[in-house]
Amino acid sequence: MPRKTLADTLTAGETIYVNCAHPMCCKSTKLDIQALIDRLGRDHGSMHDDLVGLFVCSNCNTAGRDRRQVFFTCIPDYEGQQRARNRDLKPIFERRD
């Protein structure tokens, strides 16, 4: 299976959220993909294991909770897919006389 890169994720218009796994927090933060590309490079895998080590929940850190592993949610660009699908749609109206 080919590895999906951060550049592929940005091109597809997908949104990635980092979610805290601590049961008292469950904070979700939208990632800035372009900033991540600037830091890690365009060819870095978007769901690579070392991304988990980069993120720490600021709420849990401030509250002094133990550090839990984060997880990612990737949301496709459904509106963009719908626009692309409907671009070729040409309505046909029958004329009634």
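Visitor: What joins β1 to strand β3, and in which sense do they run?

Guide: Five bridges join β1 to β3 (residues 71-75), and the two strands run antiparallel. Two strands pair if DSSP finds at least two bridges between them, so β1 and β3 count as paired. Within this pairing, Y17 has T73 of β3 as its bridge partner. The model is a predicted one, in which local features need pLDDT of at least 70 and side-chain atom pairs count only at pLDDT 80 or more, while totals for chains, interfaces and linings use all residues. Residues are numbered from 1 along each chain as its sequence is written, and side-chain values use heavy atoms, with hydrogens and water left out.

Visitor: How many bridges pair β1 and strand β2?

Guide: Three bridges pair β1 with β2 (residues 28-30), again in the antiparallel sense. N19 stands opposite S28 in β2.

Visitor: What does the secondary structure of the protein chain come to?

Guide: The chain has five helices and three strands, in the order α-β-β-α-α-α-β-α from the N terminus. These elements are DSSP runs numbered from the N terminus: helices are H or I with at least four residues, strands E with at least two.

Visitor: Why is H44 called buried?

Guide: Buried means under 20% relative accessible area, exposed over 50%, and partly exposed in between (1.4 Å probe, protein chains only). H44 has a relative accessible area of 14%, so H44 is called buried. H44 lies in the loop between α2 and α3. Contact means heavy atoms within 4.5 Å; leaving aside neighbours within four places in sequence, H44 is in contact with R3, K4, T5, L6, D50 and L51.

Visitor: Which residues of helix α2 are buried?

Guide: In α2 (residues 33-40), I33, L36 and I37 are buried. Seen down the axis of α2, the buried residues fall within an arc of 100 degrees, so they line one face of the helix; the arc is that of the directions from the helix axis to the C-beta atoms. The face turned away from the buried side carries the exposed residues D38 and R39. The buried residues of α2 pack against α1 (6-11), β1 (15-19) and α3 (51-54).

Visitor: What makes up the largest nonpolar core?

Guide: This core holds 12 residues: L6, I16, V18, L31, I33, L36, I37, L51, V52, F55, V70 and F72. β1, α2 and α3 each supply at least two of its residues, and the largest share, three residues, comes from α2. A nonpolar core is a set of buried Ala, Val, Leu, Ile, Met, Phe, Trp, Tyr and Cys residues joined through side-chain atoms within 4.5 Å. In soluble globular proteins, nonpolar side chains tend to be buried together.

Visitor: What makes F55 and F72 an aromatic pair, and is it stacked, tilted or edge-to-face?

Guide: Rings of Phe, Tyr and Trp (its six-membered ring) pair if their centres lie within 6.5 Å; planes under 30 degrees apart count as stacked, over 60 as edge-to-face and the rest as tilted. By this rule there is one aromatic pair. F55 and F72 lie 5.9 Å apart centre to centre with 75 degrees between the planes, so the pair is edge-to-face. The pair links distant parts of the chain, 17 residues apart: F55 is in the loop between α3 and α4 (58-63), F72 in strand β3. Both F55 and F72 are buried.
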